[in-house]
Amino acid sequence: MNLKDLPIQQRVEWLLNEAQVYCERFSHPDLSAARRRYVQEHPSPILVTACIDGRVNLAHAMQSPPGLMKFLRNIGPQLTMKRMDFASHVDSHISAAAALGQGSLIMVTYHFSGSHTHLGCAAYGCDTELARQDCFQVAEHIRQTYVSHAFPVYPLVCGFDTDIEALLIHGADGQSLNLSDPELNADSLGVWLNRLHPHLPENLAQDFLPLLQGNVNHAAELRATERGIALEHCEWAICVGNGFEFIRTPNVAMVIGPYSPDMGKPVSTAARVVARNMQKGRIPEDGALLLSCCLYNDGLVEKATAEFRSRLSADLAENIIAHTEPELTRRLTRLSAIFNVEKRSLELLHP
Ligand SMILES: [Zn+2]
């Protein structure tokens, strides 16, 4: 039986087990040594702006080592440097990288369906061209903002075809590279990246290439297997806050980052998607999950503050869902958690 068809209690147990397995893998001596080696060889932090859509899971699709890529997730038009809260998160990421002597590569992403236009990004009315243009505007705004920064800050626009989980890397001159081509290898990817982005600093390019290769490999593997994931929405979890990097399975959760003072629009959008998934029979009608989470890092953010913020996020989200989809509220399993950044562990809070 497919995961999405299991009773809600079993799906929730599966998700919590995913968090446990992720944490164990993160702390496994062999794997953590490999991850440290990777970071030594490829130290540039990668920041990604992405939609809340559960079909978009770029760490999974780029076969990224755990915790390497940082995500700012919200619905499309909300992601703009003109919003103070979004800009401040970009700023703190760039400052943290600079403190380590690093520049920053920022993937500004949109998503689409290569087979069916109506399965594209609802935030843009499934208008892929509009989504792409918005991303170019955000990228240009980031570029202008940090043009005089001490370390290079390089925004780069990428599309993501949710049908085949392959990226489309856009260049500055209208050219693009589709990573669904299985013939691409380290050499040809390097040539392409240089052609599309001749001004991308060499060290950022070297740190980006393994992730591009990861997506080429992922898309090829997906093509070679019986695809068990529906092309249309099947999410049954609404996740608010951050610390959801342990969810590496696409089409499970709508993930709403804390990057907008107005949670109303993204949470009500997510609630409508999950409610519709039930109505259309794509997931069982027995329930859905609302999971809130906040990061904490001893010495940086007090654990108690993270707990408070996580519970508050769940309250806010639940109120919005009650307003938008009252029927869904009655079937909602609500959990609040905090996520230890150092251990990569999810800790559930008592109700
Ligand atoms: Zn979207």
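Visitor: What's the strand order in the open sheet of 6 strands?

Guide: In this predicted model, the order is 2-1-3-4-5-6, with mixed pairing.

Visitor: And which strands stand at the edges?

Guide: Those are strand 2 (69-73) and strand 6 (176-178). Each has a single partner strand, so one side of each has no neighbour in the sheet. From one strand to the next, the twist averages 25°.

Visitor: How many bridges join strand 3 to strand 4?

Guide: There are 9 between strand 3 (residues 104-112) and strand 4 (residues 153-161), and the two run parallel. Within that pair, threonine 109 stands opposite cysteine 158 of strand 4.

Visitor: Nice. Which strands does helix 5 touch?

Guide: Helix 5 (residues 128-145) packs on the sheet and touches strand 3, strand 4 and strand 5 (166-170). Its direction makes about 165° with that of strand 3.

Visitor: Switching topic: is strand 7 mostly covered or mostly uncovered?

Guide: Mostly covered: 5 of the 5 residues in strand 7 (residues 237-241) are buried.

Visitor: Which strands is strand 7 joined to?

Guide: Strand 8 (residues 253-256) is joined to strand 7 by 4 bridges, running parallel, and cysteine 239 stands opposite valine 255 there. Strand 9 (residues 288-296) also runs parallel to strand 7, with 5 bridges, and alanine 237 stands opposite leucine 289.

Visitor: Last one, the surface. Which residues form a nonpolar patch?

Guide: Phe308, Leu312 and Leu316 do, with about 290 Å² of accessible area together. Leucine 312 lies in helix 9 (residues 303-324).

Visitor: Why is leucine 312 called partly exposed?

Guide: Because its relative accessible area is 39%, which falls between the 20% and 50% cut-offs.

Technical notes. Residues are numbered from 1 along each chain as its sequence is written. This is a predicted model: local features need pLDDT of at least 70, side-chain atom pairs count only at pLDDT 80 or more; totals for chains, interfaces and linings use all residues. Side-chain values use heavy atoms; hydrogens and water are left out. Buried means under 20% relative accessible area, exposed over 50%, partly exposed in between (1.4 Å probe, protein chains only). Two strands pair if DSSP finds at least two bridges between them. Patches are made of residues with over 30% relative accessible area and no salt bridge: like charges are joined within 9 Å, nonpolar side chains (Val, Leu, Ile, Met, Phe, Trp, Tyr) within 5 Å. Accessible areas come from the Shrake-Rupley method with a 1.4 Å probe; for residues, only the protein chains shown count as cover. A salt bridge is a side-chain nitrogen of Lys or Arg within 4 Å of a carboxyl oxygen of Asp or Glu. Axes are lines fitted to C-alpha atoms, for helices over the stretch in contact, and angles run from 0 to 180 degrees between N-to-C directions. Contact means heavy atoms within 4.5 Å.
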